[in-house]
Amino acid sequence: MAEPIVQRVALVGAGLIGSSIARAAREYGAAREIAILDASDAVMARVREIGIADEASGDPAKALAGADLVIICTPVGVCETVAQSIAPFLETGAILSDVGSVKSAVVAQVAPHVPEGVHFIPAHPIAGTEFSGPDAGFATLFQNRWCLLTPPEDADAAAVETLGAFWTRIGAKVEAMSADHHDKVLALTSHLPHLIAYNIVGTAEDFGEQTRSEVIKFSASGFRDFTRIAASDPTMWRDIFLNNREAVLEMLGRFNEDLSALQRMIRRGDGQGLFDFFARTRAIRRSIVEQGQDTAAPDFGRRDKSA
Ligand SMILES: NC(=O)C1=CN([C@@H]2O[C@H](COP(=O)(O)OP(=O)(O)OC[C@H]3O[C@@H](n4cnc5c(N)ncnc54)[C@H](O)[C@@H]3O)[C@@H](O)[C@H]2O)C=CC1
Ligand SMILES: O=C(O)C(=O)Cc1ccc(O)cc1
């Protein structure tokens, strides 16, 4: 196998994403050693049981000793606390990164705590499922998925290259952009769809018992797809909306305008308007499928059950 990209990767947070990185780093030889640190004793115990790390003592000094790549894989709301608590153990020259679904707020929270000589390069793999915890992870999660890096303008070029090479080794396609741009794009492509899913499933839930049981019984595929997204982790998504407020509110405003336009077309019986609208959206779906980016039923066929 090719040389590892880093000597030791330390993953802080071992849920879906952290445990998937651990599995993938081992499977594809991206790191010589894998250390895991999680605030939950139950998660640490499970990490030791399933054996996805070489170092899983729960001691930050031990986990971070010799780590040339440290990745924060916790919900974005605790990134600042995590950065503060790991800062004393970060080694000079190490790369510090994260996987948060929001970038500007994470930078604002983490950057002030990054010691001199440590290279902070935020990242976001656009790959996941509605499941969480260390048992939900799998080695192939990042295969052929984008990982967006948002390096600051004065970032160390070698550190950016190493982080990109790490993600490439575990299967991702890598692209760089500014944190602000990332947050605007993701507000539309990921955060707004989750909000809509939470809302529509919440609306069904509000209808009362009789309707609720019929919704479950006769669930058509449209609603069913929304329930998968609306089953996503509440802590993670609360933190995303609180930390990407501006961009999400802006996209929500645009969404509401389009929804009002559709409402008007239905009220006025404007069949041509509805047809034209749906024809435009169908073209978007087709280009996503052509680019191999269809994530419906994500990864289940490609799951690696070995770890
Ligand atoms: N779930 C998904 O589909 C995706 C999630 N992300 C991002 O990845 C991050 C992690 O998400 P998941 O792995 O899904 O979450 P998860 O809920 O599966 O795991 C989070 C882990 O962080 C640990 N943790 C919480 N506070 C901590 C602290 N102070 N110190 C150390 N560990 C702590 C928890 O015990 C838990 O094991 C989030 O920031 C999320 O925005 C990014 C891409 C996809
Ligand atoms: O499960 C799904 O459909 C997702 O959209 C997963 C996901 C959740 C959050 C991210 O920041 C990136 C990907």
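The chain is split into two parts, domain 1 (6-178) and domain 2 (182-290). What you are looking at is a predicted model, and the predictor gives the complex an ipTM of 0.99 and a pTM of 0.93. Ligand 1 lies between the two domains, because both of them give residues to the shell around it. Here is a short tour, topic by topic.

**How the domains meet**

- Taken over C-alpha atoms, the centres of domain 1 and domain 2 are separated by 30 Å.
- Domain 1 puts 15 residues into the contact, and domain 2 puts in 16 residues.
- On the side of domain 1 that touches domain 2, you will find 6 nonpolar, 7 polar and 2 charged residues.

**Around ligand 1**

- The shell around ligand 1 holds 29 residues, and those that come nearest are Gly13, Gly15, Ser101, Gly128 and Ser132.
- Of the elements, α1 gives the most to the shell, with 3 residues.
- By residue class, the shell around ligand 1 has 15 nonpolar, 12 polar and 2 charged members.
- The shell draws on domain 1 (6-178) as well as domain 2 (182-290), so ligand 1 has residues from both domains around it.

**Nonpolar cores**

- The largest nonpolar core contains 67 residues. Val9, Ala10, Leu11, Ala25, Ile36, Val70 and Ile170 touch the most other members of this core.
- Helix α1 (residues 16-27) gives the most to this core, with 6 residues.
- Leaving aside residues up to four places away in sequence, Ile170 touches Ile21, Ala24, Ala25, Tyr28, Ala30 and Phe142.
- Another core, of 5 residues, lies apart from the largest one, and its members include Leu186, Ala247, Val248 and Met251.

- The mean pLDDT of the chain is 93, and 95% of its residues reach 70 or more.
- One stretch calls for care: over residues 296-307, pLDDT stays under 50. For this stretch the model has 16 contacts beyond four places in sequence.
- Where pLDDT is low, the predicted coordinates should not be read in detail.

Conventions: Residues numbered from 1 in each chain as written. Chains lettered and ligands numbered in written order. Predicted model: local features only at pLDDT ≥ 70, side-chain atom pairs only at ≥ 80, totals over all residues. Core = buried A, V, L, I, M, F, W, Y, C linked by C-beta atoms within 7 Å. Buried ≥ 20, exposed ≤ 12 C-beta atoms within 10 Å, placed from the backbone. Helix = DSSP H or I, 4+ residues; strand = E, 2+ residues; numbered from the N terminus. Contact = placed C-beta atoms within 7 Å. Domains from an automatic or database assignment. Nonpolar A, V, L, I, M, F, W, Y, C, P; charged D, E, K, R; others polar. Near = placed C-beta within 6 Å. pLDDT = per-residue confidence, 0-100.
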